[in-house]
Amino acid sequence: MIASVRGVVTAILHDSAVVEVGGVGMRVLCTPNTLAGLRTGTEARLATTLIVREDSLTLFGFADEDEKQLFELLLTANGVGPRIAQAVLAVHQPDVVRRALSGGEVAVLTAVPGIGKRGAEKMIVELKDKIGPVGPAGAGSAGLLNGAWQEQVRQGVLALGWTASQADQAVTAVGETIDGETPPVPVLLRQAIRLLGKTR
């Protein structure tokens, strides 16, 4: 079990980062929020979960232990695989997910690509008693802006399954809402996802 990795970030891709650990480049799948906090050429530490399948070993990375613990909890629900669990964390902060599970907020969960109403209801039934303490509304830290927000938001939307044209439309729509200082990338990404959700 690889619980964490620490090393120099040698590449940042649309859905992952390569972290060099002891001379070995490890590809770690991350949410756009986590990728936004990384910088190529600098050292980083990511909490990780190794998913073992018959034909693959896949390493998922998280900004902190809180995200990792929630990811692993989501995987215990029937029908929730690593991609869906990662998509949940791409759309919502961990405390938002916990509040949704605790309070039965189906609409919050169905905002995630790949989760329908029945799936959200099943997740709530299976996980609401396992989530532990829930933080107050508004809790959670925003990610850092890293370079051009347009490309990061676009890549984040593409990684969650939308088309290139939909991603471009979302970036344009989000850009039109910015008045003054540009918000952090995770905030912009969540806004793009909400806009796309309305067009489905």
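Reply: What follows is a set of questions and answers on this predicted model.

Me: How many salt bridges does the structure hold?
Reply: Side chains of opposite charge can pair when their charged atoms come close. A pair counts here when the side-chain nitrogen is within 4 Å of the carboxyl oxygen. The number of salt bridges in the structure is five.

Me: Which residue meets R27 in a salt bridge?
Reply: R27 sits in strand 3 (residues 24–29). Its partner is in the loop between strand 1 (4–12) and strand 2 (16–21), 12 residues apart from R27. The N to O distance is 3.2 Å, and the partner is D15.

Me: Is D15 buried or exposed?
Reply: Buried means under 20% relative accessible area. D15 has 12% relative accessibility. R27, with 47%, is partly exposed. D15 therefore counts as buried.

Me: How many residues apart in sequence are the parts that E65 and R45 tie together?
Reply: E65 forms a salt bridge with R45, with the closest N and O atoms 3.5 Å apart. E65 lies in helix 2 and R45 in strand 4 (residues 43–53), so the pair ties together parts whose separation in sequence is 20 residues.

Me: Which residues do salt bridges with shared partners join into one network?
Reply: The side chains of R98 and D66 meet in a salt bridge at 2.7 Å, N to O. R98 lies in helix 4 and D66 in helix 2, so this pair ties together parts 32 residues apart in sequence. R98 counts as buried at 8%, while D66 counts as partly exposed at 31%. The network joins D66, D95 and R98.

Me: Why is helix 4 largely enclosed by the rest of the structure?
Reply: Helix 4 covers residues 94–103. Its buried residues are P94, D95, V97, R98, R99, A100 and L101. Helix 4 is largely enclosed because the buried residues number seven of the 10.

Me: Which helices do the buried residues of helix 4 pack against?
Reply: The buried set includes R98 and D95. These buried residues of helix 4 pack against helix 2 (65–74), helix 3 (82–91), helix 5 (106–110) and helix 6 (117–127).

Me: Which residue follows helix 4?
Reply: Its phi is positive, near 70°. The residue is G104.

Conventions. Residues numbered from 1 in each chain as written. Predicted model: local features only at pLDDT ≥ 70, side-chain atom pairs only at ≥ 80, totals over all residues. Heavy atoms only, no water. Buried < 20%, exposed > 50% of the residue type's maximum accessible area, 1.4 Å probe, protein only. Helix = DSSP H or I, 4+ residues; strand = E, 2+ residues; numbered from the N terminus. Contact = heavy atoms within 4.5 Å.
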